[in-house]
Amino acid sequence: MASAEVRWFEDTSRGDVASVGGKNSSLGELVRALTSRGVRVPPGFATTADAYWRYVDENNLRDRVAAILDDLDKGTIALADAGRTIREAFLKGSWPDDTAEAIKAAYRELCERAGRADADVAVRSSATAEDLPDASFAGQQETFLNIRGQDAVLDYCRRCYASLFTDRAITYRTVQGFDHMKVALSVGVQMMVRSDIGGSGVMFSIDTETGFDQVVLIDAAWGLGENVVQGAVDPDEYQVFKPLLENQSLVPIIEKKKGEKSIKMVYGKGSEPTRNVPTSKAERAAYVLDDDEILTLGRWAAAIESHYECPMDMEWAKDGETGDLFIVQARPETVQSRKEAGVFKNYKLGEHGPVLTKGLSVGAAIATGQVCLIETAAEIDKFVDGSVLVTKITDPDWVPIMKKAKAIITDHGGRTSHAAIVSRELGLPAIVGTGDATHVLHDHQDVTVSCAEGDEGVIYAGNAEFEIETVDVTDVPDTKTKIMLNLGNPGAAFRWWQIPADGVGLARMEFVVSNHIRVHPMALVRFDSLADRDAHAEIAEITAGYDDKTEYFVDHLARGLSRIAALMYPRPVIVRMSDFKTNEYAELIGGREFEPKEENPMIGFRGASRYYSPAYREGFALECKAIRRLRNDMGFDNVVVMIPFCRSIKEADKVMEVMGENGLERGKDGLQIYVMCEIPSNVVLADEFAERFDGFSIGSNDLTQLTLGVDRDSGELADLFDEQDEAVEWMIQSVMKAAHNAGAKVGLCGQGPSDHPSFAEFLVGTGIDSISVTPDSFVTVKKHVAQAES
């Protein structure tokens with residue numbers, strides 16, 4: 001059944017925006033084009049723009065609304081009074097008989113399709129100018145959930161019409177230049193998914209903070225999805241790597257963060273269709289989605305993006321009765337996909353005060369300013385322009401003051417919440433989901449809002465120093481020598497996706513262990529017998545949910561490294577196995593019990609010597625297990641393993657034997673194993689090392705230190721520490737010759753080629769295969785190398 005007033009989703013497509021609005025035309029497109037690819041969409045119908053205008057004319061609203069809006073333009077009536085008057089007129093209106101009957105008949109047919117009377121439906125507004133590529137229209141009109149009965153459906157359709165004239169919607173259209181009297185409203189009536197007893201959320205087919213287009217971001221919470229959209233709940237967050245989704249045997253989930261999820265929206269009773277209730281301890285401790293469900297949503301997101309040929313913003317729901325997943329909305333993403341490619345700003349934090357609180361970073365900028373704490377929407381008039389807005393959550397009513405803020409901080413919400421989406425649109429740094437910002441911050445307090453340190457946003461006391469540099473990778477010369485990146489922080493990896501690097505020459509495992517895992521691996525292996533009871537209690541809390549404590553280490557290490565591997569896939573990513581010194585290992589939770597005290601840890605029990613030692617062998621086995629999972633289970637076969645500080649051929653053989661026992665065999669499944677060249681013995685016996693390893697990576701700092709006998713941390717000897725010393729250059733030339741004779745590759749990790757063009761020229765002259773540098777010096781080194789090659 002279709003009429004001028006009502007159209008079923010399957011009878012609409014994305015070309016019908018003028019008739020049924022962006023939201024409903026998109027739902028129709030999903031039903032028509034993607035259900036055959038396994039994407040489930042709840043059935044439903046849409047009222048048309050014709051139905052809206054018939055309602056307007058039936059109640060003689062056209063001239064009346066135009067007159068009120070004209071008075072608003074002239075300033076003779078306040079926005080609040082204008083909006084309220086128009087809304088009241090809509091709510092008091094009567095339906096044309098045939099329009100009312102068409103809507104009721106469609107609802108009855110929907111109930112028949114569902115096999116139950118008075119089926120529960122969602123009633124959603126869809127403006128005819130809504131969800132166009134130029135603007136997100138996030139939350140401008142109302143959505144009502146759990147509506148039952150044909151009379152109730154008519155009533156809530158009327159409320160949707162009225163919501164076209166909320167104060168925020170009027171303001172938004174005015175700013176965007178839309179003619180109020182040319183915007184109509186379609187209402188989507190869609191079968192409810194019983195996510196009130198399941199879960200729901202939002203997902204993007206692009207990284208919302210960096211624009212990295214190879215991942216799907218999924219936020220998830222228990223109950224109905226409005227809490228995630230509004231930012232009223234701190235959701236779980238998952239990320240999936242799209243290019244590996246086609247292989248059904250792989251599990252390319254590169255991020256799983258458990259949110260607090262302290263409340264959930266469920267069905268209400270009577271005049272209250274929905275209500276919020278606290279979640280149980282079990283719900284807070286559990287993930288909303290299992291791995292198979294995460295992968296299913298990821299595949300759906302990739303399919304929807306492929307069909308629409310642009311990054312997408314989608315809402316999903318999981319039915320608690322059947323366990324089935326559904327897509328309930330899809331619209332084009334409107335921020336990252338429109339940014340200028342190849343040119344971006346890099347913020348560098350300098351001296352700063354103590355940490356006040358942390359949350360999820362939105363954007364990658366830094367801002368300083370004074371706090372303006374606004375607890376409720378009733379206090380919005382108190383906002384001081386140019387302040388840092390601190391509040392619990394935001395909704396569309398807050399947009400006027402958000403536009404005047406320097407930065408935004410909220411207690412609750414995830415990366416797909418209203419506060420995050422609007423902050424991105426406005427280009428403001430925001431930190432959401434802090435949990436306690438309104439408690440620990442106060443009015444007129446000077447703070448620094450830093451979103452420049454990765455996924456975690458940090459609020460510091462005082463006005464920190466910071467630098468801004470523009471990185472332009474649109475005109476980078478080609479070089480024969482491969483230029484790669486040194487990376488450690490997985491949370492910041494995606495910001496460098498636009499750099500045309502040839503891979504990652506050094507991914508530091510230690511960063512993941514010290515910042516994300518924080519626990520000494522042997523303290524997990526020996527958890528039950530730990531003597532340090534304080535450490536035992538802290539580890540028990542950190543690893544809650546892991547029956548096998550060692551699985552916590554493997555899981556977090558594999559996932560942390562997977563973000564770096566994903567950034568470059570399929571280009572090589574060389575992961576250096578752990579190279580903490582004993583004093584650094586001892587600082588990990590539970591570490592003091594397992595580490596000796598050494599006078600000179602720099603040349604002590606570190607690197608390869610640990611891997612076969614009874615004191616750490618089981619810890620190294622966990623590292624190997626994480627690499628195996630990363631390559632074999634997740635699919636990142638671009639990962640190359642590198643052994644640090646390997647002092648002798650005998651030691652190399654022992655390490656290879658232990659790795660083989662743990663499933664990492666050189667050459668098996670394409671696995672390459674490199675060795676750091678940072679000790680003179682690596683050069684002296686380079687031909688023998690080259691028989692055992694696929695390549696060398698010159699660690700210029702350690703090699704200089706040990707060749708010249710100079711402590712690199714000594715201020716007194718700073719003038720003697722020189723990577724370009726003749727002895728160091730002889731070492732580099734020697735290892736190059738021996739390695740290349742044996743068919744092994746050689747790269748160098750260090751800042752020398754960035755600081756000294758002559759050093760870059762020297763390396764090119766030796767025929768070095770690759771140079772690995774920090775991302776912010778990539779363009780400089782690339783140009784130095786191109787000049788040297790020419």
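Predicted model: local features only at pLDDT ≥ 70, side-chain atom pairs only at ≥ 80, totals over all residues.
Local features need pLDDT of at least 70 and side-chain atom pairs count only at pLDDT 80 or more, while totals for chains, interfaces and linings use all residues. Residues are numbered from 1 along each chain as its sequence is written, and side-chain values use heavy atoms, leaving out hydrogens and water.

Start with the closed barrel, whose 8 strands run β23-β24-β25-β26-β27-β28-β29-β30 with parallel pairing. Strands here are DSSP runs of E with at least two residues, helices are runs of H or I with at least four, and both are numbered from the N terminus. Two strands pair if DSSP finds at least two bridges between them. Strand β23 (residues 482-487) is joined to β30 (residues 770-773) by 4 bridges; in β30, V773 is the bridge partner of L485. Helix α18 packs on the sheet and touches β23, β24 (504-508), β25 (573-576) and β26 (639-643).

Now look for the largest nonpolar core, which has 108 residues. Such a core is a set of buried Ala, Val, Leu, Ile, Met, Phe, Trp, Tyr and Cys residues joined through side-chain atoms within 4.5 Å. Buried means under 20% relative accessible area, exposed over 50%, and partly exposed in between (1.4 Å probe, protein chains only). Helix α18 (residues 549-568) gives the most to this core, with 11 residues. F636 is among the residues with the most contacts inside the core. Leaving aside neighbours within four places in sequence, the contacts of F636 (heavy atoms within 4.5 Å) include F241, S562, Y569 and L630.

Methods. Axes fitted to C-alpha atoms, helices over the stretch in contact; angles between N-to-C directions.
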